[in-house]
Amino acid sequence: MIKENLAAIHKRAAGATLIAVSKTFGVECVREALDAGQRVFGENRVQEAKSKFADLRAEYSDIELHMIGALQSNKAVDAVELFDVIQTLDRPSLAEALAKAVIKTGRHPRLYMEINIGEEPQKAGIAPDKAEDFLNYCRGIGLQVSGLMCIPPQDKDPTPFFLRMRELKDGLSLPHLSMGMSADFEAAINCGATEVRVGSAIFGSRII
Ligand SMILES: *Cc1c(COP(=O)(O)O)cnc(C)c1O
């Protein structure tokens, strides 16, 4: 089923990179996706991603692994060692930890700023009107930031939020824009997403 789902989603997501979000799904599901040719994956926990992908990476040299979950500063070194892209740069303390981790490991994952596009108090992310300041701050401490990501408010039409993200991304001249999930990735692509993060539409519904 994963193979068929992937084929269908790839068709609908043409023009954007499809990140297969494998969080909570076992290594056998990841293998099914790999067999179908999928190479770009998203995970939301460092430890879970490490246990699933450490061996697979030795087997498949072209896997691209994205961190899409909240990242604790004390896991910055592990994250920089494991991930090719970290999408959840959301605060100065994490930026500092990542800057140190980059120096310590010599690895340079792509970094995206997470934007709290709905300005929801319970959500992580940089407020849209603070994005430019935060980008400059990150650059000032030696971090290269190349994209934006967002999770729009759950029960609203995502399109206005996606459009605002597109404006922000263009205003900051960043190449990558990660937005859109199983329910709304086509709308996100229509608004300029360069990457979509799709989990349940590929792997099935998550139990946890
Ligand atoms: C789980 C998750 C996704 C995938 O969600 P689906 O609705 O299953 O496609 C995308 N982005 C983030 C940040 C996630 O945590």
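**Ligand site and an aromatic pair**

A polar side-chain atom of Ser-182 lies 2.5 Å from an oxygen atom of the ligand, in what is a predicted model. Taken alone, the ligand exposes 390 Å², and the protein buries 89% of that area. The space that the ligand takes is the largest pocket.

- Besides Ser-182, whose polar side-chain atom is 2.5 Å from a ligand oxygen, Arg-197 places a polar side-chain atom 2.8 Å from a nitrogen atom of the ligand.
- Gly-199 takes part through its backbone, with an N or O atom 2.8 Å from an oxygen atom of the ligand.

**The shell around the ligand**

- The residues around the ligand are Val-21, Lys-23, Ile-68, Ile-151, Met-181, Ser-182, Arg-197, Val-198, Gly-199, Ser-200 and Arg-206.

**Aromatic pairs**

- Three aromatic pairs are found when the whole structure is searched, and one of them joins Phe-41 and Phe-53 in a tilted arrangement, with 5.4 Å from centre to centre and 50° between the planes.
- Because Phe-41 belongs to strand S2 (residues 40-43) and Phe-53 to helix H3 (residues 46-59), the pair ties together parts that are twelve residues apart in sequence.

Technical notes. Residues are numbered from 1 along each chain as its sequence is written. This is a predicted model: local features need pLDDT of at least 70, side-chain atom pairs count only at pLDDT 80 or more; totals for chains, interfaces and linings use all residues. Side-chain values use heavy atoms; hydrogens and water are left out. A residue is near a molecule or strand if one of its heavy atoms lies within 4 Å of it. A polar contact is a pair of N or O atoms within 3.5 Å; within protein, one must be able to donate a hydrogen and the other to accept it, and residues adjacent in sequence count only if both atoms are side-chain atoms. Accessible areas come from the Shrake-Rupley method with a 1.4 Å probe; for residues, only the protein chains shown count as cover. On a 1 Å grid over the protein atoms alone, a cavity is a set of points where a 1.4 Å probe fits but cannot get out, and a pocket is an open set with protein on both sides within 12 Å along at least five of seven lines; lining residues have an atom within 4 Å of a point. A molecule sits in a cavity or pocket if more than half of its atoms lie within 2 Å of its grid points. Rings of Phe, Tyr and Trp (its six-membered ring) pair if their centres lie within 6.5 Å; planes under 30 degrees apart count as stacked, over 60 as edge-to-face and the rest as tilted. Helices (H or I, at least four residues) and strands (E, at least two) are DSSP runs, numbered from the N terminus.
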